[in-house]
Amino acid sequence: MKKIITEKTTPQQPKMQPEIGGKKCVEIWSAQCGECFKWRIIPSEDEYEEIRSKFIEDPFVCSKKAGVCCNDGADIEYDKSRTWVIDKPNTPKTPAGFKRRMVMRGCESRIDCYYKTPNGKKQLRSPTDVSNFLTSYPEYNINGHISLQHFSFNAPKIMQDTLPPTSAAAAPKD
Ligand SMILES: [Zn+2]
């Protein structure tokens, strides 16, 4: 419980689960209420990104989720039954057509953030990749609305106390 309150400033949190190839990606999106500190499941990545993008000036509270209030039980508990990672607040919303992906490395010591492009041809893994892509494919930026500031490669923090016991020993590898 103490942990959650300490992490209050960065209350978004996705659950990670294995995907094909042994890598792990986010399975559940959730946000912590700034008033009762309960965790609410956010049904879609799009909604989650919307909340996250303005989290500092507009903190999440239970009543923002339809039909829910602070008196209702938590949707999900912060515990070891899943691996939790805590996102940075105010990460920009992913521009339309792009997909932001967060994948945990096999050793579970860090998470890689990258973007899938609208044409599916490239993975953007750095601001340089973004800038090269926008220059090479201006057709995906018709009104010139997309710029580097709409992309963030800040990885969420892996909560070590929620990693499976087998992997805890293998933590700092690279
Ligand atoms: Zn609440």
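Eight of the nine residues of strand S2 are buried, so S2 is largely enclosed by the rest of the structure. The model described here is a predicted one. Its chain has four helices and eight strands, and along the sequence these follow the pattern α-β-β-β-α-β-β-β-β-α-β-α. Of the 174 residues of the chain, 41% count as buried. Among contacts between residues at least 6 apart in sequence, 62% join residues at least 24 apart.

**Partners of S2**

S2 is joined to two other strands, S5 and S3. The table sets out both pairings.

| Strand pair | Bridges | Direction | A residue pair |
|---|---|---|---|
| S2 and S5 | two bridges | antiparallel | Lys24 and Met104 |
| S2 and S3 | four bridges | antiparallel | Ser30 and Ile41 |

In the pairing with S5, Lys24 has Met104 as its bridge partner. Gly106 lies in the loop between strand S5 (99-104) and strand S6 (111-116). Is Gly106 buried or exposed? Its relative accessibility is 68%, so Gly106 counts as exposed.

On the other side of the account is S3, where Ile41 stands opposite Ser30. S2 and S3 form a hairpin with six residues between the strands, and in this hairpin Phe37 takes a positive phi near 70°.

**The zinc site**

Which residues coordinate the zinc ion? The SG atoms of Cys33, Cys36, Cys62 and Cys70 do so, at 2.2 to 2.3 Å. The angles subtended by the four donor atoms are 103 to 117°, and the arrangement is therefore tetrahedral. In sequence, the donor residues follow the spacing C-x2-C-x25-C-x7-C. Distant parts of the chain are linked by the pair Cys36 and Cys62, which are 26 residues apart. Cys36 belongs to the loop between strand S2 (24-32) and strand S3 (39-42), while Cys62 belongs to the loop between helix H2 (45-53) and strand S4 (83-86). Cys36 has a relative accessible area of 23%, so this residue is partly exposed. Cys62, by contrast, counts as buried because its relative accessibility is 0%.

The buried residues of H2 are Glu45, Tyr48, Glu49, Ile51 and Arg52. Seen down the helix axis, they fall within an arc of 160°, so they line one face of H2.

Which residues touch the most other members of the largest nonpolar core? They are Ile42 and Ile111, in a core of 16 residues. S2, H2, S5 and S6 each supply at least two residues of this core. The largest share, three residues, comes from S2. Leaving aside neighbours within four places in sequence, Ile42 is in contact with Trp29, Ser30, Ala31, Glu47, Tyr48, Ile51 and Phe60. Two of these contact residues, Tyr48 and Ile51, are also among the buried residues of H2.

Apart from this core lies another, of eight residues, which include Leu124, Val130, Leu134 and Phe151.

Technical notes:
Residues numbered from 1 in each chain as written. Predicted model: local features only at pLDDT ≥ 70, side-chain atom pairs only at ≥ 80, totals over all residues. Heavy atoms only, no water. Donors = N, O, S within 2.8 Å, 3.2 Å for Na, K, Ca; no water. Tetrahedral: all angles 85-135°; square planar, octahedral: opposite > 155°, others 65-115°. Buried < 20%, exposed > 50% of the residue type's maximum accessible area, 1.4 Å probe, protein only. Arc of directions from axis to C-beta. Pairing = 2+ DSSP bridges. Core = buried A, V, L, I, M, F, W, Y, C linked by side-chain atoms within 4.5 Å. Contact = heavy atoms within 4.5 Å.
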